[in-house]
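Have the sequence and the 3D view open side by side.

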Amino acid sequence: MSDDPQQDGKAGPRVPRWAARSKVASAGGDGPAGAGPGPGSGSGGKGGKFRPKRTGWRRVIPTWRMVLGGFLLILLLIAGGLVAGYVLVPIPAANQAAQAQSNVYLYADGSQIARDGKVNRENVPLSQVPKATQEAVLAAEDRDFYSESAVDPVAMLRAAWNTVTGKGKQSGSTITQQYVKNYYLGQEQTLTRKAKEFFIAIKLDRERSKSEILEGYLNTSYYGRNAYGIQAAAQAYYSKNSDRLTTAEGAYLATLLNAPSAYDVAAHPENRQRAVDRWNYVLDGMVKKKWISESERATLKFPTPGKAKPPTGLSGQRGYLVEAVRDYLTKNDIIDDQTLAAGGYRITTTIDKKRQDALVKAVDEKLMDELGTSKADRYVRAGGTSIDPATGNVVAMYGGIDYARQYVNSATRRDYQVGSIFKPIVFSSAVANNSVTQDGRRITPNTVYDGTNKREAVNNGRGTGFSPENEDGRSYGPITVSTATDKSVNAVYAQMGVDVGPQKVKETAIDLGVPKDTPSLGSSQGAISLGTATPSVLDMTQVYATLANHGKQRAYSLVGKATKGGETVELPDRGEKTAVPRNAADTTTSILRSVIESPGGTGAEARAAGRPAAGKTGTAEEDRAAWFAGYTPELATVVAVLGQDPDSGAQKPLYGAAGLPRINGGGFPARIWAQYTADALKGKPEKDFDLELEEGADQQPSQEPSASGASPSGSAASPTDSAPPTGPTGEPPSGRPTTAPGPSFPTYPTQEPTTGPTQDWPTVEPPTGGIDGGTVGGPGGVGGGRGGIGGGVGGDGGMNGYGGGYGGGYGGWENLPGM
């Protein structure tokens with residue numbers, strides 16, 4: 001048989017069968033013109049089948065072979081990396097951070113405030129930790145610890161995704177990984193540390209038992225109060241050894257692992273509900289895992305921890321400053337609790353030593369030196385904070401008489417009502433929102449309201465059920481907003497809050513600096529105007545600093561610089577933002593100047609600062625707190641005097657403290673403010689306010705109130721012992737007329753309002769009640785005395801005036817004395 005290929009009867013060149021494929025193709029190409037490619041032509045086709053070349057956009061799309069090859073290559077690299085990591089990363093010796101270093105805290109000028117960091121740790125075997133406490137920790141941190149692997153990649157990816165998408169930083173770490181971080185590595189948030197943690201955890205899980213790992217975790221975790229490990233925590237919170245912990249106590253210590261600073265209810269009583277919620281979460285997890293029964297769970301009560309025992313090195317004001325700085329760093333996600341507790345940081349605060357000393361001196365001389373040994377004197381606490389409005393820096397803070405004696409920082413706690421120092425927020429909101437009264441008049445300092453005592457606030461012709469009492473039950477009849485601010489008339493601001501709308505008031509408060517999670521802020525509703533919310537002294541200083549800065553805000557800061565090992569810690573950007581329009585802030589400033597400068601103003605004591613100033617007094621329900629908030633153009637300061645039982649921690653009225661019937665904002669707080677402000681600004685040139693007021697704010701009233709508008713509810717007109725209405729604010733008293741006629745005052749309501757009604761306030765009459773009045777009225781200065789049989793709350797009648805009566809006629813819903 002011939003070896004020549006068959007040509008189907010056609011002549012053609014002979015091509016050897018062993019010839020290269022390319023040559024065959026070439027040979028085929030020599031065929032007759034017009035002949036197509038032979039069966040063997042082309043390249044890459046299966047079985048010699050022709051496949052056209054990829055052209056156009058198809059050239060950039062990978063083939064399935066490329067995709068599969070790339071995927072296999074990635075798997076190979078990952079597998080190789082895991083093997084290499086496991087082999088190359090050893091289990092190291094315990095790190096030095098497990099023995100915690102000191103943090104150094106400095107004043108703004110570089111001088112030292114304090115050094116913390118002495119390690120409080122005592123390791124105990126797992127046998128000395130009750131089984132219920134162990135299970136509580138697992139319920140809180142890692143419920144599948146005994147059955148799962150050392151790492152949970154899915155949880156890690158989920159945590160990374162939540163962090164990237166802004167849902168908060170999450171670790172996604174198992175207990176094994178957390179133990180590795182605590183004991184072998186460090187707290188720094190880096191990819192290198194996380195990778196090492198991953199491999200060491202896998203190795204450790206193969207070489208150690210689960211019980212050994214859990215024991216190590218319990219002994220290395222930080223529980224707050226400088227307590228490292230479960231034994232130190234048991235002593236710090238319950239003054240007992242770890243083996244004596246109850247199920248409820250163990251669950252609380254497990255709660256602390258999530259946020260030691262935030263959940264210490266002794267240091268932050270305002271966070272009690274959050275701590276209780278987390279405690280319940282832990283117990284519910286124990287029930288779900290069948291570690292305790294439903295019936296046992298039902299019998300458990302929240303175990304309030306004992307008082308803290310601060311280190312002696314943090315006595316005096318130092319401990320308060322250090323605690324406030326720690327809270328600032330952790331709450332702003334600059335450094336977390338565990339990392340900060342590991343130590344090694346050098347932290348320069350914003351605290352100005354000269355001003356800090358001036359604030360402490362003012363509190364001592366104007367308040368503490370006036371106290372005796374009575375039961376009421378033991379209740380007295382004080383808090384103060386001062387902020388530079390231009391920078392937002394906290395330059396001074398007074399937390400209490402001594403951190404070693406009074407652990408809770410009175411400047412940062414959020415559990416006392418602020419009273420009438422909240423009213424400027426209401427007025428600022430009115431101007432910012434172009435709000436009008438029920439009959440359509442724009443709200444300005446000269447707008448006339450009905451100041452009748454217990455007048456029910458109305459909305460669109462309907463009563464709201466909100467009828468707050470003025471201080472001492474006084475009725476003022478028609479009164480301008482400016483004068484109502486001078487005298488802190490509750491009836492006026494209750495109606496103004498309705499006119500503006502409680503929701504808008506809340507939004508303005510948050511914009512000015514009140515934290516949105518402030519206790520009672522969300523639930524205050526109609527009463528929000530009278531200060532039923534409980535922001536801290538520091539929070540309210542932020543608000544007044546924003547007003548001083550013409551409505552522009554820089555979020556406050558307590559830290560100027562932080563370094564560790566020569567590396568600088570990144571601090572958050574605090575760029576300036578507009579909280580309220582300038583005319584809203586400046587017009588508010590103008591009426592707050594009148595509070596200090598007008599003859600009948602409740603803040604007259606603040607004149608002693610000797611500088612142009614604006615401010616507001618405030619008193620909480622049942623006189624449990626007295627406030628003064630004020631500012632000059634260059635310094636904003638808030639001072640509070642608080643009542644608290646030193647044994648039970650319960651809030652107490654200040655009746656009888658310092659030998660006075662009551663303490664109000666125009667007394668000790670205003671005097672402290674005045675002395676501090678004078679000393680803090682000593683040697684600096686006097687600076688006046690540069691104000692841009694809202695339209696109509698600088699116009700004098702031109703009409704007498706009409707007879708029909710004098711007292712819509714039939715109550716008496718303005719009392720004879722109060723100062724007459726004053727004109728617009730913003731000018732010193734010498735430039736004002738002694739009397740100021742006002743525009744006609746309409747009976748509510750006379751026409752439909754221009755804005756729709758709001759619905760989020762009470763619609764029923766609030767309960768009444770209060771403390772029976774005293775029997776003797778005392779002398780009054782400018783503004784008149786108080787008291788008498790069945791009289792109102794005894795106290796300051798005005799400038800240097802105070803009266804008798806411990807509190808008669810003090811009923812009404814959430815009664816907040818105006819001062």
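What follows is a short tour of helices, salt bridges, surface patches and loops. Keep in mind that this is a predicted model.

Begin with helix H22, which covers residues 668–680. Its length can be checked. At 1.5 Å a residue, its 13 residues should span 18 Å. Among the buried ones are Phe668, Ile672, Trp673 and Tyr676. Pro669, Gln675 and Thr677 are buried as well. A residue counts as buried when its relative accessible area is under 20%.

Now turn to the salt bridges. The structure holds 22 of them. Arginine 593 and glutamate 597 are both buried.

Arginine 593 has another partner. Aspartate 688 also forms a salt bridge with arginine 593, and here the closest N and O atoms are 3.5 Å apart. This pair links distant parts of the chain, 95 residues apart. Arginine 593 sits in helix H21, while aspartate 688 lies in the loop between H22 and strand S19 (796–798). How does their exposure compare with the cut-offs? Arginine 593 has a relative accessible area of 6%, so it is buried. Aspartate 688 has 48%, so it counts as partly exposed.

Salt bridges can also join into a network. Here Arg582, Asp586, Asp690 and Glu692 are linked in this way.

Another pair is found elsewhere in the chain. The side chains of arginine 297 and aspartate 284 meet in a salt bridge, at 3.2 Å from N to O. The two residues are 13 apart and link distant parts of the chain. Arginine 297 is in helix H11, residues 294–299, and aspartate 284 is in helix H10. At a relative accessible area of 14%, arginine 297 is buried. Aspartate 284, at 42%, is partly exposed.

Is threonine 299 buried or exposed? Its relative accessibility is 57%, so it counts as exposed. Threonine 299 and alanine 248 are 51 residues apart along the chain, yet their C-alpha atoms are separated by 9.7 Å.

At 9% relative accessibility, asparagine 271 counts as buried. Proline 519 is 248 residues away from asparagine 271 in sequence. In space, the two are 8.9 Å apart, C-alpha to C-alpha.

Next, look at the surface. Which residues form a nonpolar patch there? They are Trp64, Leu68, Phe71, Leu72 and Leu75, with about 550 Å² of accessible area together. Leucine 72 is placed in helix H2, residues 64–88. Its relative accessible area is 48%, so leucine 72 is partly exposed.

Lys354, Lys361, Lys682 and Lys684 form a positive patch. Lysine 354 lies in helix H14, residues 353–366. At 47% relative accessibility, lysine 354 counts as partly exposed.

Finish with the backbone. Most residues other than glycine have a negative phi. Arginine 225 has a positive phi of about 55°, although it is not a glycine. Arginine 225 lies in the loop between helix H7 (210–220) and strand S4 (227–228). Its relative accessibility is 15%, so arginine 225 counts as buried. Serine 488 also has a positive phi of about 55° and is not a glycine. The place of serine 488 is in the loop between helix H17 (481–486) and helix H18 (490–500). With a relative accessible area of 1%, serine 488 is buried.

Definitions and conventions. Residues numbered from 1 in each chain as written. Predicted model: local features only at pLDDT ≥ 70, side-chain atom pairs only at ≥ 80, totals over all residues. Heavy atoms only, no water. Patch = residues over 30% accessible without salt bridge, like charges linked within 9 Å, V, L, I, M, F, W, Y side chains within 5 Å. Areas by Shrake-Rupley, 256 points an atom, 1.4 Å probe, with all protein chains shown as cover. Salt bridge = Lys/Arg side-chain N within 4 Å of Asp/Glu carboxyl O. Lys, Arg positive; Asp, Glu negative; His and termini not counted. Charge placed at Lys NZ, Arg CZ, Asp CG, Glu CD. Helix = DSSP H or I, 4+ residues; strand = E, 2+ residues; numbered from the N terminus. Buried < 20%, exposed > 50% of the residue type's maximum accessible area, 1.4 Å probe, protein only. Expected span 1.5 Å × (residues − 1).
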